[in-house]
Each structure stands twice: as structure tokens, then as C-alpha cells.
Amino acid sequence: MGEQKKAPAKRWGLWFVVVLCLALVGAGVLGYVQRIELAYWAVEKAAKELGLKGHRLKIDRLDFTGFELHDVHLGPDVSLKQVKVDYSFANLLNNRIDKVILSGVAVDISAPDTGFLGQLQTFLQGNTAGSKTQISPPEIIINDMVITGRYEDISLDIQVSGKVSPDLSGEFQVRGKGGYQAFEVQDISLDISLMKDAETVLFKVEQARFLDRQKGMLLRPFTMKGNGRFQVAEQKAVFSLNISDKDQAVVVDMEGQADLVNRLVQADVKVADITFSPTGLQPDDLSPLAALPQKLDATLGLSAQLNWHDEVAKLTGGLAIKQARFALPSEKERTVEIAGEIGFTLFPLTQSGTLDVTKLSLHHPATPALFHPLYIQSKARLHEDGQLSFEGEVMLDQSTPVRILTGKGEYDVQARRGQMDVRVPVLDFSPAGLKPSNISPLFALLSRVSGKFSAFSRLDVVGEQLSGWADISVAKLSFETDTVQVRDITTDLVIDNIWPLRTKPKQVVTVGEVDSAVKLAHPRLVFTLEGQKFHIDDFQTGVMGGTAHIGHTVFETDTDSHEVVLNLKKIELGQLFRLIALDGLSGTGQLSGQLPIRLKGQEINVQDGLLESTGGGTLHFESQKARQALAGAGEQVELLLNVLTNFHYERLSLRINQRAGQNAILNLKIEGKNPEVMNARPFNLNINLEANLDRILGTVLEGYRLSDRAIRATVGDEQ
């Protein structure tokens, strides 16, 4: 629209009315019929002077106190049901009209450059000089004015009523609905006050309800209230608004200013703290852009600056996460506490923008915690097509931060589907540098750790479902505990599915050496992990001069009770006796057999373990303490002690039973002879012994304890 000149805008309408009134009054002296005919002639002449086309009207009354018109059509876009003008003849001669009442005004803004609105613009632009005759403004009353139509991105369907006093002060009430682009405004209740000379306009929004009609609704319905002041000459306004949803769960206060000449709106926006709970309000209740894979339990605050220039609305600010708890995906709920601030620049009309996380702290308030305090740094961009792209990193929150994870991905907000690549850079552990215990308290029992660890994972999110795969590489990882030393763990694991956790079948882990009460040479584990089940497909290691083997065994991670059968082959009898630590007992030869072991928590039991010789060997028992203790026990005891000093056995079996917290009961059966006793007479001996197997079984328990803790930390089931 063209620039509107102030002086003609105040005068042209009044000039039209005065000319019309003078014509009507002058015509009245010729008789009623002649008055009407002359009045129509005066209207036509005035309309021609004003450049109006396509008009029509009916004159109901014409006398010395005023006139009434009805069915007034000023064009296809403007009509009035009734126009009533009151005046006195004396005031009319003094260029003054008392009152104008407009009823049933209908205005269609769909084509403002054509029809009456277009002709009006042309008239205003072409009459810059205006009339020198000063006409006093009348009191103008508007009843039931309706403004409808859509022009470009703006739509209106409102009703206006009010009045303007001769000093150009006045009151108006606006009711109805409207819209801008895909945003609809319903239940508008607006009161407008004109100050003297119409230099200042005060407005008060009693209510306006906003609805987002676009596909993939950006915002949920909200209600606005507020007030403001508009300076007509400067074409500038200041305002204060309050915006809330129907439940008052979200309350927004906005204060700012508008410059209509420069098409600019600026405002400060502050959102009162919002509380989300798993059973109550959630971010996607406010906007689908805020949908999360899991329920949020948090208190958030927001402050921002709005800058709306021409067709571009820009919102810049920060989201303060004051108290947030986020459940990790797990069979048992684990909660991570989150705090920090997310900076953002958003363009609401195009549903695009950027997010910037400078430091978002993560804390796991559990004993033991899954991880030490961490923080996230990331950047994200929301594109107009609803695609969210992002990248970031996770840092150890310590004096010298360490990057332990990086991520990059995309997320479709409307489809709630996304993909993310997660990478653990090569972590080079050393006793003097980075340690696993710096990352997680679960590794506190490990000391003197060295070696390298790295991983890569691709995660997929669909709705609330998380899936994906991962590759994990461990190279020559060594560590110690208070009871064991482990050297050179090496593996390349392939995880088929992240959650529930499932590895590719028959993953292989090799170890250089395990040095504990029992040394294990080159252990090799083949395993499969399926959710809460840990399958030992095969385990082999060198031990006591022979080998140990565990066949297919399943460990359930949701229980602390397990059973496993340890198969021993060709272990050295002498090494076994040294570990049992029976005073004076030694021997040669090899044994094979099985030890059924039952593990429950930190307890270990052996029931009916049996080891048998694979050939002949010797058994030597020389114990001065035993001879002294058995002195005087009789000839048979003396003979037994003599036979065992150098017993050459042909067969030997050792049955083992042990209950938790007690010494083991060993039943030793041997067949053979002592060449130096009774001319090598053969003996069949059955001897019961009490021994301490803690050194042997402690190695089994330590291996179980380390494996159990690692598995539970991975699959998420703490006991």
C-alpha cells in the first residue's frame, strides 16, 4: 500500500459528509420527493469527485436534523447496512457535524489494491494538497463492523465496535479470529483506547488463543494476554505479553517493542521454570520438536531474545537444565542426573535453527556409580525439512579433561527416527597416565593398567526403541588386582545389537598370562553374550603343567548362583600337592578329571570332584610332625608311614569335596608298592585328608568375580 498522508486522511471523509449534508439540506426546501432526487444527484457528484466506482445506496430519511442511508455499497469489498448522520443546520453552516453512526459495516481485505479500498488508496495518494476548509470531526460510532478475508499470509475474521469522540479519543472492542501463515488465532478479545488527537493508542489483549495448523505441529495451543502502547506518528509500539498453555504448565513473559515502519519486532522472552515428570508433562506435549526417546524427569528454565524483521523471526537464548534425571535403557532402572545450559538460535516460522551445548554435566548417583562425572559438548542444526544433524563429544570432568567419546548423527523429528555414529578414540592406559578407574568406579579394583582400548558403534533410534551394533578393540591390556595379575588381553569383539546386548556368536579373547595362586598360561575364551545370558562356548588354559577346559556353560546375569564344570587334563601331581600345601606330601605323575564347582556370590563349593592318574607315578610323604603325632599308634600306622615315604603307584584317584568357608576333604586312593618295604608288597590304600584349596579355587573365584562385574556393567544389571 502507498504512504498515507495525515492531513487528507482526516479531511476527505468529513468533506464528503459535509457536501452530502449541504446537498441534502438544500434540496429539502423543494419538497420531499425533490429532496430525495437532488440527494441522489449530490451523492453521484460527490462520488465522482472522490473517484468512487460501483457504489449504490438507499436514502431512508432526509431533513434538517440529519439523514439515514441503508444498503450502502461502496464497492465489492466495503458495504454498510446503515449510515445515520445527525446535525443541526447552524452547526452544518459552521462545518460541523454532530454524530455519525455506522452499523453493519463489512470489509473484505482479500484484494486491498482493488475495489473501494484500492480507490481509497488512490484518492489519498492523489490529494496531497487537501482542502483548506477546516471541518470539526463529529462523534463517530461503529456498531458491528466485520472485517474478513485473506491477504498474502494474513487472514482476518473479526468484529469491531466502538466510538471516536470529536477530540479523536475513543474506545474500540475487537472480537473474532485471524491467522498468519499456518498459525491461527482464535477467541480474540482486544480492547483499544485512542488518546486525544489519536496520537497514542493503548491496547489490552484480554485473550487470544493460538493454534498451529501446519503439518508436524511446531507448538501446542497456547493463550496470550497482555497490553501495550502504540505511537501513531512514530509508528512504534511497546508491549508486555503473558503466554501460557491451558494448564498453566508453561508460562512465558514477553516484553518488547515494535517498529512498523521498519517492520521490526524485538522482545525479551522469559519462561518460568517448567517441571516435567514421567507421569505428567513431557516436552513433546509442548512441541514435537522436543520429543525424547524416554520420559523426562526434569526442571527447566528458558530465557531468550526475539527479533522479528520482515518475514524472518529469530529466537536466541539459553535453556537452563536445573535438575534433570534421565533413565538409562536397562533391565533395572538407572538414573543419570543432568545439569547445564543449551544455547540456541531458532527460526520458528521455518522450524529451523541451531543448538550449542558448551558444558552439560552428567552424574550417576549410585554406589558404585557407572561412571565418574562427565560433561557433553555438542552442536546441532535443525533444518527446515525437520532433519536434526548433530555432533559432539563426552569428556571426563577432571582438572585435565579427557575425551572419551565422540558422536555424530541425524534425527528426523517428525518421524522420530535417527542414526548416530559413536566412537571411543584410542584410550592408551598406563600406570602413570589414564586409568580405567578414572572413567568408572567399577574398575577401582584394577591397578597398574596398561594397554589400549577403542570402539565404534552405530546406533539407531525409532520412537523409544534403541538398537545398533558395535566393534570393540582391546590390545595387550594388562592389569593387577590384590590377588591376580593379568597380562596382554587382546580381542576384537563384534556386538550385533546394542540393546538388548547381543554379540556375534563365538567371540574370542586371548590372554598372555594370568598369575595368581595358580598360574594360567595363554588362556583363550570363546563366548557369546545374549542379553542376560553369557555363554562360555569354550575356555582353555595351561595350568599346573597340564590344561584346564570349560565346555559350553551358560551364566545368567540376573542371578548370583552359577555352576561350572572344570575339566583338568594331565596336570602335574607335584604341582597340585604344592598348591594344596599338605606338610611333607609330594609326588610325580599326571592327573585328569573334573571339578564340579558351584558359585554363589563370593562363596565357592566343590562337590564330588574326581581326579585320576593317567599312568604310574610316585608319592612321597615325609613329615616329622606326623610321625611324632602318630608315635605309639601301632605297627600298622608305622608301616603305613614307611610305605608312603616312597610309594610307587600304578593307580591314583583323588576325590575332592569342599563347602564354602571350610577346608576341603580329600579322599586319596592309591594302588602300588614301596620297593623298599616288605619286598615290594602291593598295597591298596584309602586315605582321607583335610586340605586347603583356597589357592586353587581362589583363582577360579577371582576370574569369576572379574568376569561377572564386567558383564553386569555392560548389560546393566547390578547385584
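Predicted model: local features only at pLDDT ≥ 70, side-chain atom pairs only at ≥ 80, totals over all residues.
Colleague: Which residue forms a salt bridge with Asp421?

Modeller: Arg458 does, with the closest N and O atoms 2.6 Å apart. Asp421 lies in strand β22 (residues 417–429) and Arg458 in strand β23 (residues 447–462), so the pair ties together parts 37 residues apart in sequence. A salt bridge here is a side-chain nitrogen of Lys or Arg within 4 Å of a carboxyl oxygen of Asp or Glu. Strands (E, at least two residues) and helices (H or I, at least four) are DSSP runs, numbered from the N terminus.

Colleague: How many salt bridges turn up in the whole structure?

Modeller: A search of the whole structure gives 17. One of them joins the side chains of Asp310 and Arg263, at 2.9 Å from N to O. Asp310 sits in the loop between β15 (297–309) and β16 (312–328), and Arg263 in the loop between β13 (251–259) and β14 (264–276), so this bridge ties together parts 47 residues apart in sequence.

Colleague: What about Arg651, what does its side chain meet?

Modeller: Glu671, in a salt bridge of 3.1 Å, N to O. This pair links distant parts of the chain, with Arg651 in strand β38 (residues 647–658) and Glu671 in strand β39 (residues 664–673), 20 residues apart. Arg651 counts as exposed because its relative accessibility is 52%, whereas Glu671, at 32%, is partly exposed.

Colleague: New topic: which residues have the most contacts inside the largest nonpolar core?

Modeller: Leu619 and Phe647, in a core of 155 residues. Apart from it lies another core, of six residues, including Leu382 and Val413. A nonpolar core means buried Ala, Val, Leu, Ile, Met, Phe, Trp, Tyr and Cys residues joined through side-chain atoms within 4.5 Å.

Colleague: What does Phe647 touch?

Modeller: Leaving out residues up to four places away in sequence, its partners include Leu619, Ile670, Phe683 and Leu685. Glu671, from the salt bridge with Arg651, is also among them. Contact means heavy atoms within 4.5 Å.

Colleague: And helix α7, is it mostly covered or mostly open?

Modeller: Mostly covered: six of the eight residues in α7 (573–580) are buried. Among them are Leu573, Phe577 and Ile580. Just after the helix, Ala581 takes a positive phi of about 65°.

Colleague: Last one: where is Asp385?

Modeller: Asp385 is in the loop between β19 (374–382) and β20 (387–396). It counts as exposed because its relative accessibility is 54%. Its side chain reaches the backbone nitrogen of Gln387 at 3.1 Å. Along the chain Asp385 and Ser352 are 33 residues apart, and their C-alpha atoms are separated by 8.2 Å.

Key: Residues numbered from 1 in each chain as written. Heavy atoms only, no water. Buried < 20%, exposed > 50% of the residue type's maximum accessible area, 1.4 Å probe, protein only. Polar contact = N/O pair within 3.5 Å; in protein donor to acceptor, adjacent residues only side chain to side chain.
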